[in-house]
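Please read the following points beside the sequence and the coordinates. They are arranged by topic, as a colleague's note.

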Amino acid sequence: MNTNGPKSSPNPTQHNDMANAIRALSMDAVQAANSGHPGMPMGMADVATVLFSKFLKFDPAKPDWPDRDRFVLSAGHGSMLLYSLLYLTGYKDMTLDEIKNFRQLGAKTAGHPEFGHASGIETTTGPLGQGLAMSVGMALAERLQAARFKDVVDHYTYVIAGDGCLMEGISQEAISFAGHLKLNKLIVLWDDNSISIDGATNLAVSENQERRFEAAGWDFHAVDGHNAEQIEKAIHLARESDKPTLIACRTTIGFGAPNKQGTSGVHGSPLGDEEIALARKELGWPYPPFEIPTAILDKWRTVGTKGARHSVAWENALDALPADQQADFKAAVSGSLPADLEDAILEYKRRISEEAPNWATRKSSQEALKVINDHLPTTIGGSADLTGSNLTLTPQMQPVSADDFSGRYVYYGVREFGMAAFMNGMALHRGFIPYGGTFMVFTDYARPAIRLSALMEQRVIYVMTHDSIGLGEDGPTHQPVEHLASLRAMPNANVFRPADAIETMECWQLALQAKSTPSILSLSRQNLDLVRKTHTADNLCARGAYELSAANLEAQVTLFATGSEVGLALTAQKKLENDGIGTRVVSVPCWELFEKQDAAYKKETIRPDTVRIAIEAGCSMGWERFTGEAGGFVGIDSFGASAPAGELYTHFGITAEALVAAAKKRL
Ligand SMILES: Cc1ncc(C[n+]2csc(CCOP(=O)(O)OP(=O)(O)O)c2C)c(N)n1
Ligand SMILES: [Mg+2]
């Protein structure tokens, strides 16, 4: 192997120097932190150098310029590759000090790339496979946006993925979906080094990736990942293709470290001072740690500054658009909500309070969406093959297909994890508000991506229907029990469980307004009576919990309920009041928003001086927050069963009578 760098390159010395700058920064930063992954950045330095210097359309001075190419480091453990590139190309907030502080508290250079820490980090990666899937969402968003604004949208999505990304199951969902939609501006550079943590990849995998990707409708090229010319040619071909492309880049992990390269030993441990000294010799890099000679840094900075011509040309193109299109584009990218949406929502609430429909909340969600999708052109709906059950489709939405990206509805297929990750990619891309549905129980399939929505503060809306044993006959495999508690445990995720058509619209409004928080809407399959019969202009759900029905007599009991069980609480309230026991009902559509209220509001809502019972067709975990240890809970702490919904509620004792008994026992 030629350890001096690429075997052939139009300007081999310059290329080598530039690639070696990445290698040096990476091994030095990992060494200084005494923690991190030097192997991948050293192995992929040549590929990254070609990509950034010859192809990537970016402008470090305008990092959020909407028509930039997206670069996703799906193999997020190789974060030093990205940080090196950002520093070298001149992103202002990626200073040398940040590189020196790799992996330290408060540094922008976290162990894995974190969206929001520094510009140029397009997404959080590290959970293998998800970067690849999010990049599919970005590439989809590009096509959708180009179909709407063809004169100002035309960019590629480039991904570096490792063996691990391709081993993860989600990679199958991602490549299958990208191939189906012919996302030809998606180009994946696979770090084909045959090494992962446990050793050689052939300990665990042996499939033919070429045939795998081609079967999914991709183009495939294999190159020597240390040969700049080959890399360049393959990327050229990929850009011209009418299919997404995988470029298998044969590399040596830890390239340049003479004793450790090519072994799993360089995957995730510092090389050590001795090996670093030898690597410096091997690479022909005599400079001290963290020092990039001016001539080499200048070369990189030139790569960065030349991007300005693209962003300026783009701004001119935007200026040349008719004023209304410019305004639409800017509004879409900013993610703002149109001014008339609020009026439309109020009008809808007023009408629904009068009509008092007894819709299932999944149906209420669809009715809310009819209003929202009419006024908000940036929503992109979809479902993981449960459109007729999730009721996510509205008349405004035409299907998105490989031939026509002007539509607004995505048939995600049976790919829940993929759908969630694609939606993250779309949200990160900007320009759209994605929402997608499946059964609530399958939030488990999507959960790692929901977690990234929350961590990355993305407005992704999960429409999760069939939210309890109330779904009935499909039985315990389909009946969520612990899901509400489990999702409520997740930081920065709003879990909404509305009780009727009014609350459902209010929760949708809150989900749309939450620009930096994902929302999970937990919706019933079964019909529910309207509980909010008096119209209020205020969004009562905004406080998370509120007194829905005051006690007529002096309040001795407070009943807390969510979603489909609010009706049961109201029935129990009547019975208790008939027995002379003053009872109030508090609807709790969103725990997280209630947590944010001030102590006085919380106290007057919870009323600790009363006997407190909660009811929810889910597990009890956490409800002590509302009821106190002495309070009661009516719900289900076991798996459900297969039977008609009504029978299940009786069988598991989730009834108004149970509430009454629980209250009386404590009086
Ligand atoms: C979902 C997930 N599982 C496990 C890990 C832990 N992990 C980090 S890197 C890695 C191996 C990746 O191998 P590869 O992609 O080939 O990277 P290379 O060793 O070539 O740098 C593993 C298992 C992870 N980050 N994400
Ligand atoms: Mg590998």
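1. Asparagine 193 and isoleucine 195 are both buried, the term standing for under 20% relative accessible area, with exposed meaning over 50% and partly exposed in between (1.4 Å probe, protein chains only).

2. On conventions, this is a predicted model, in which local features need pLDDT of at least 70 and side-chain atom pairs count only at pLDDT 80 or more, while totals for chains, interfaces and linings use all residues. Residues are numbered from 1 along each chain as its sequence is written, chains are lettered from A and ligands numbered from 1 in the order in which they are written, and side-chain values use heavy atoms, with hydrogens and water left out.

3. The largest nonpolar core has 77 residues, of which Trp508, Leu559 and Ile654 touch the most other members; such a core is a set of buried Ala, Val, Leu, Ile, Met, Phe, Trp, Tyr and Cys residues joined through side-chain atoms within 4.5 Å. Helix H20 (residues 501–513) gives the most to this core, namely 8 residues, helices (H or I, at least four residues) and strands (E, at least two) being DSSP runs numbered from the N terminus. Apart from this core lies another, of 62 residues, which include Ala248, Val400, Met426 and Met490.

4. Which residues does isoleucine 654 touch, not counting residues up to four places away in sequence? Its contacts (heavy atoms within 4.5 Å) are Ile469, Glu565, Leu568, Ile615, Ala617, Val634, Gly635, Ile636 and Tyr649.

5. Helix H18 (residues 443–455) has a kink of about 40 degrees centred on alanine 449, the bend at a residue being the angle between axes fitted to the seven residues ending there and the seven starting there. Thr443, Ala446, Ala449, Ile450, Leu452, Ser453 and Ala454 are buried in H18, and among the elements that cover the buried residues of this helix are helix H5 (130–148), helix H17 (416–429) and strand E10 (433–439). Glutamate 457, which follows H18, has a positive phi, near 60 degrees.

6. One open sheet consists of 6 strands in the order E9-E8-E10-E11-E13-E12, with parallel pairing, where two strands pair if DSSP finds at least two bridges between them. Its edge strands, each pairing on one side only, are strand E9 (409–411) and strand E12 (494–496). Strand E8 (residues 379–383) and E9 pair in the parallel sense over 3 bridges, and glycine 381 has tyrosine 409 in E9 as its bridge partner.

7. A further open sheet is formed by 5 strands in the order E14-E16-E15-E17-E18, and here the pairing is mixed. Strand E14 (546–549) and strand E18 (632–634) are the edge strands. Strand E17 (residues 611–615) runs parallel to E18 and is joined to it by 3 bridges, with alanine 614 standing opposite phenylalanine 633 in E18.

8. Serine 53 is located in helix H2 (residues 39–55). Is this residue buried or exposed? Serine 53 counts as buried because its relative accessibility is 16%, and it touches Met18, Val303 and Lys306, not counting residues up to four places away in sequence.
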